[in-house]
Amino acid sequence: MALPAGVSTFELEFGKTFDFEGNSLATTITVVPSHELVWEATGDRVIPRPLTVTAAAGEFGSILLPHTDQAGFVDTKGNAITDWWYRITSRDSAANGQSIPGAPVRVLQATSDVTSVDLDMLPTDGVVGPVGSVAGPAVTSVNGGTGAVTVTAAGVGAVPNTSEGREALAASSELTGAIAAAVDASRTVGAGTWATLGDSITSYNQPVNFQQPGWFWRLVMYSRGRMRPEPSKAVFATGGFTLQNIIDTHLPGLEALTAPPGFVICGGGSNDLAAAGGATYAADPQLTKDSLDEIISRVLALGAQPVLVKVPPRSGSVQIAANVLDWNAHVEETARTRGFKILDMFTPLSANPADGGARKPGTYQSDDADTTHPNKIGHDYIARYNAGLADLSASRLDLSAPLWETALLADGVSRFLTDADSNGISDGWGTGGTTTGVTFAREAVAAGEEATGFWQRINVPANTAASGWIQTGIGTGWAPGDRLRIRTRLRAAGVNGSTYGYSIGLVCVSPTSTQGVVDQVRDMPDGEVDAYATIPAGTTGLYVRILWATVNPSAQVLRIANVRVDNLSVVPS
């Protein structure tokens with residue numbers, strides 16, 4: 001294997017890796033270049049596919065990569081390009097293959113005078129650009145003075161580093177006011193939060209009551225807490241909308257958010273492809289592509305990172321199927337040339353990549369008679385296939401939350417800490433509904449798991465006609481109209497049917513019975529719910545409920561840990 005002749009390279013080195021007991025760990029890195037390039041001298045393309053390298057336990061690893069500042073590359077439009085970059089993620093694993101939690105993210109540029117770079121010496125979640133020695137401009141004056149210049153605090157308007165100077169600095173109301181303003185400003189940047197634009201494929205089961213959630217909310221769960229939805233509103237989507245409809249109706253709402261999200265999934269497009277049987281798109285696809293460009297530009301203006309979307313297969317006519325392939329090719333090209341990520345709805349639902357209308361059996365509504373809309377299984381496939389998108393916000397500071405969060409559950413109840421009567425159900429939790437044959441147990445959270453306290457385990461036997469729940473009441477600390485956030489860790493096995501499963505969430509009682517719950521119908525080895533709900537007017541009772549439902553042909557095991565409910569509307573005294 002060799003790069004085009006004339007391309008200069010450096011060696012990216014990593015490892016060895018150990019834990020605190022001295023055990024050797026294997027390390028796998030994935031390097032993703034920022035742009036597709038062409039080496040002008042030969043016309044050879046260099047595409048930015050992910051490059052994965054593993055260093056075995058106790059060994060070093062390395063990979064040769066092109067320097068990022070060298071002349072000779074052009075982009076896909078023929079423009080000269082330098083100062084592109086590499087995004088590098090790394091994961092460690094023990095001898096038994098167990099992956100160690102956490103995936104550090106590094107961004108790297110390397111100048112042409114560098115022969116090797118030690119990855120482990122680079123900071124995470126920051127741009128190292130560039131590594132190497134680049135000659136800086138010559139200094140010809142200091143604060144207007146030339147020749148031999150003596151710099152004093154008074155001469156440059158600085159505070160002297162003396163006890164008097166430090167006391168004056170601490171007493172400065174101007175400085176303390178600026179610091180407070182900076183903190184408040186930082187809280188308005190949704191650094192790691194996510195929102196999504198779209199049509200009926202995105203608005204599936206919206207507004208969110210979390211019953212059989214669509215792909216976005218499943219993606220949040222599969223991210224294990226790394227992908228945080230924008231708290232006030234995360235989904236901007238309406239069935240039947242074209243991209244122009246989204247621009248007219250939903251973009252203004254996104255732009256009006258007090259805390260802009262860090263990432264916006266730019267969905268939609270499926271209705272544009274099918275307009276007038278597909279003839280409109282076929283006649284002038286550039287109109288739809290221009291609409292996507294406008295969405296991208298306005299998302300970037302918010303300071304957010306756009307994530308583009310490949311639409312799922314859509315049948316109904318030969319023309320529509322062809323439009324799907326053409327549109328998705330345009331999305332891929334746009335993402336490559338502009339350095340964006342893609343949420344791919346097409347691949348996990350496609351039965352034939354060469355046919356834009358061929359769909360995997362059992363993934364669309366009405367037993368696949370629906371030509372457009374994935375069912376809950378299809379939504380689950382989309383979420384699982386795209387779970388790696390959460391790496392974009394991995395280890396990023398979440399500044400979107402308010403300056404306070406008021407927990408409504410006691411610590412012991414939240415973490416299932418005690419079981420005084422030894423019935424397997426943590427103190428503070430009670431049962432309801434039908435629990436015949438259902439058993440309960442608490443399991444200590446293992447070392448290294450991203451949870452604390454105990455797992456509350458619920459065992460539902462196979463073919464048991466059981467529809468019941470465990471729940472705990474929230475007596476004080478809330479009022480109708482308050483905005484609440486519920487988070488919990490979860491694991492489930494044996495949950496793979498269509499008419500049974502479990503739900504987790506808030507129950508607001510009287511005069512309405514509104515469940516803000518996540519109803520999951522597929523296995524979840526490890527996930528985290530992060531949901532928001534506003535308490536309806538007239539609510540007189542509030543509960544956190546974990547519910548299982550209907551006859552299950554296989555044994556069902558559900559584990560819950562770290563249930564936390566916060567009132568986002570109350571300022572603590």
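User: Which residues line the largest cavity?

Analyst: A cavity is a set of points, on a 1 Å grid over the protein atoms alone, where a 1.4 Å probe fits but cannot get out; lining residues have an atom within 4 Å of a point. Here the lining consists of D199, I201, T202, G267, G268, S270, V309, V311, P312 and M345. The model is predicted, so local features need pLDDT of at least 70 and side-chain atom pairs pLDDT 80 or more, while totals for chains, interfaces and linings use all residues. Residues are numbered from 1 along each chain as its sequence is written, and side-chain values use heavy atoms, without hydrogens and water.

User: What volume does the largest cavity have?

Analyst: About 50 Å³. A volume is the space filled by probe spheres set on the grid points, which are joined across faces, edges and corners. The structure holds four cavities of 30 Å³ or more.

User: How do the residues of that lining divide by class?

Analyst: Five are nonpolar, four polar and one charged. Ala, Val, Leu, Ile, Met, Phe, Trp, Tyr, Cys and Pro count as nonpolar, Asp, Glu, Lys and Arg as charged, and the others, Gly among them, as polar.

User: What is the volume of the second largest pocket?

Analyst: A pocket is an open set of points with protein on both sides within 12 Å along at least five of seven lines. This one has about 600 Å³. It is lined by 20 residues, and L3, L51, L64, L65 and P66 are the closest to its centre. Strand β7 (residues 61–66) gives the largest share of the lining, four residues. Strands (E, at least two residues) and helices (H or I, at least four) are DSSP runs, numbered from the N terminus. By class, the pocket lining has 17 nonpolar residues, two polar and one charged.

User: At what angle do α4 and α7 pack?

Analyst: Axes are lines fitted to C-alpha atoms, for helices over the stretch in contact, and angles run from 0 to 180 degrees between N-to-C directions. Helix α4 (residues 243–255) and helix α7 (residues 285–301) pack at about 5°, axes 10 Å apart. They are therefore roughly parallel (under 35 degrees; over 145 is roughly antiparallel, 65 to 115 roughly perpendicular, the rest oblique). Contact means heavy atoms within 4.5 Å. Among the residues that meet are L243, I246 and I247 in α4 and L292, I295 and V299 in α7. The contact has nine nonpolar residues, three polar and three charged.

User: At what angle do α3 and α9 cross?

Analyst: The axes of α3 (residues 215–222) and α9 (residues 376–385) cross at roughly 45° and come within 8 Å. The pair is therefore oblique.
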